[in-house]
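Please walk through the model below chain by chain, and then look at where the chains meet.

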Amino acid sequence: MLELKNLYKTFNPGTINEKTALNGLSLNIKDGEFVTVIGGNGAGKSTMLNAVAGTWMVDEGQILIDGIDVTKLPEHKRAIYLGRVFQDPMTGTAATMGIEENLALAKRRGKTRLLKPGITAAEREEYRELLKILGLGLEDRLTSKVGLLSGGQRQALTLLMATLKKPKLLLLDEHTAALDPKTAAKVLEITDMIVNRDHLTTLMITHNMKDAILHGNRLIMMMDGRIILDIEGEEKKKLTVRDLLDQFERVSGEQFTNDSALLG
Amino acid sequence: MNIMNLINALPGAAAQGLIWGIMAIGVYITFRILDVADLTVDGTMCTGGAVCIMLMLSGWDVWPAMLAATGVGMLAGLMTGIFHTFMGIPAILSGILTQLSLYSINLKIMGKANQAINVSNFDLLVSLRYIRDVPFWRNTIFIVAVIIVVLIALLYWFFGTELGCSLRATGCNPGMSRAQGINTNFNKVLGLMLSNGLVAFSSALLTQYQGFADVNMGRGAIVIGLAAVIIGEAIFGHIFRNFALRLLGVALGSILYYLVLQVVIWMGIDTDLLKLLSALVVAVFLAFPYWKGKYFAKPVKKGGNANA
């Protein structure tokens, strides 16, 4: 479903801030896989997701989504294949527009937008039903401006928007990191529900090792712009945080120093 | 200070306010919806009039001439849009560049710094002379009011379509828009074209109203447009929630601006100072949201009400 072939990306080349974020990254994700991604700060997790999404172009390598080469495709054209949820709850929605308007925007992803109505009465009913599933009471606030919602509500809505038109690949970039633990758990629960319901191929970055183990059916760990650990199937089910730390030390030859990954 | 002088001047001020109201709606589209301060309008506010007057002097009818003026205004917006999106120049600088080039273009269109048109010899839609003693359907205030209502209806419809919604999203959150498959660069260019088309249309009306086009007639237009937007929002913002009503508020803001201007002139102020005053008033109004957040923020109550 997703093939990353030998990706390279260097930020600020030729300056003192030069940073090689992707260093020959290769990854192959099969249809229906739910992959969790962990790694320390600067390991290249978000860079990998942004490379897939097309936020900028990679320096070298090839990106294929469902066999289609998207390496040179601009961000808004790749959006046809992708559903995205970001770390910052503010980034995924249009704050000055209503809940229903945001959903209507997402519903038309990949479609040429011309002079047809931006939202129809039938859609409103559809959105009301969909919002009920979230269990956050948003179904009664269809016309409320999204800027009035809490971070958790906005992330849940963004998740709904990302999956409203079934994406070939769902990209979750630490989408619960900015939420309090209880809300984060709720949003993760909704994530699991939607991913299982629609059998979505998913790539989820998380800072939290427990979440990475608990969710999904494959786990990869990144360091210095490459994948250093790839665990799936039965082996992943038996995994513990302790195992992960041991594995990390064995593979990288250093201590895992990221506190938030341990404590989260 | 004869009060009758003031009262006699008010209908003219209202007509001028209405004509500038169309221009202010154009500014609203860039400033509020696209979140870009587009300085192109200082040039477009002359270009529209220049095109209209030259076409009419060469024998065109008024409506085709105004449509052509609108089209040329849209081209000015396209130029700014290309500077901004394709060439990566910051929006405000892109507008300044187009504005400067329009100065030359306006001179070339008119052949000299100004051109006059006589209402007695040409069939103009609006004029200073059509304020009093004409049937109401020939009255400039009535005609421009109808045009504004039609324009607001059209814009209300447009911003409710798929394309219009995507334009609003582009201004609100470009990153999210691209993630939803919206071509934000295209939408920015489209918004700039729409805005400058309206400004040029307003300019074509203003030229007929005052009977001449002048290469300096657009100077400071952005400030007048912003003043109208801000006055409209400050006064009608709390009651006008609906998008169409908010556009109407902008038009009313423009009328208020011209009425206040008339009162200030009537009070005998040195008219050389008017632009300075306008700029300062707009600066203060623009500062309000910032000051409100910084100095008048309500403290957040913690742990419930202690004095309960």
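Chain B has 11 helices and 2 strands as its secondary structure. This is a predicted model. Read from the N terminus, the elements of chain B follow the order α-α-α-α-β-α-α-α-α-β-α-α-α.

The overall dimensions of chain B come next. The C-alpha trace spans about 75 × 50 × 35 Å along its principal axes. Chain B has a radius of gyration of 21 Å, which agrees with the value near 19 Å that a compact globule of 308 residues would have. Of these 308 residues, 49% count as buried. Among the contacts in chain B with a separation of 6 or more, 79% are between residues 24 or more positions apart.

One helix pair in chain B can be followed in detail. Two packed helices are described by the angle between their axes and the distance between the axes. Helix α1 of chain B, residues 3-34, packs with helix α8 of chain B, residues 184-210, at an angle of about 170 degrees, and their axes are 9 Å apart. Angles over 145 degrees count as roughly antiparallel, so α1(B) is roughly antiparallel to α8(B). The residues in the contact of α1(B) with α8(B) comprise 18 nonpolar, 7 polar and 1 charged.

In chain A, 4 strands form an open sheet with antiparallel pairing, in the order β2-β1-β4-β5. At its edges are β2 (19-29) and β5 (68-69) of chain A, each of which pairs on one side only. Inside the order, strand β1 of chain A (residues 2-11) pairs with strand β4 of chain A (residues 60-65) in the antiparallel sense, over 5 bridges. Within this part of the sheet, A:E3 stands opposite A:L64 in β4(A). Helix α1 of chain A, residues 45-53, packs on the sheet and touches β1, β2 and β4 of chain A. The direction of this helix makes about 65 degrees with that of β2(A).

Terms used: Residues numbered from 1 in each chain as written. Chains lettered and ligands numbered in written order. Predicted model: local features only at pLDDT ≥ 70, side-chain atom pairs only at ≥ 80, totals over all residues. Rg over C-alpha atoms; globule rule 2.2 N^0.38 Å. Buried ≥ 20, exposed ≤ 12 C-beta atoms within 10 Å, placed from the backbone. Contact = placed C-beta atoms within 7 Å. Pairing = 2+ DSSP bridges. Axes fitted to C-alpha atoms, helices over the stretch in contact; angles between N-to-C directions. Parallel < 35°, antiparallel > 145°, perpendicular 65-115°, else oblique. Nonpolar A, V, L, I, M, F, W, Y, C, P; charged D, E, K, R; others polar.
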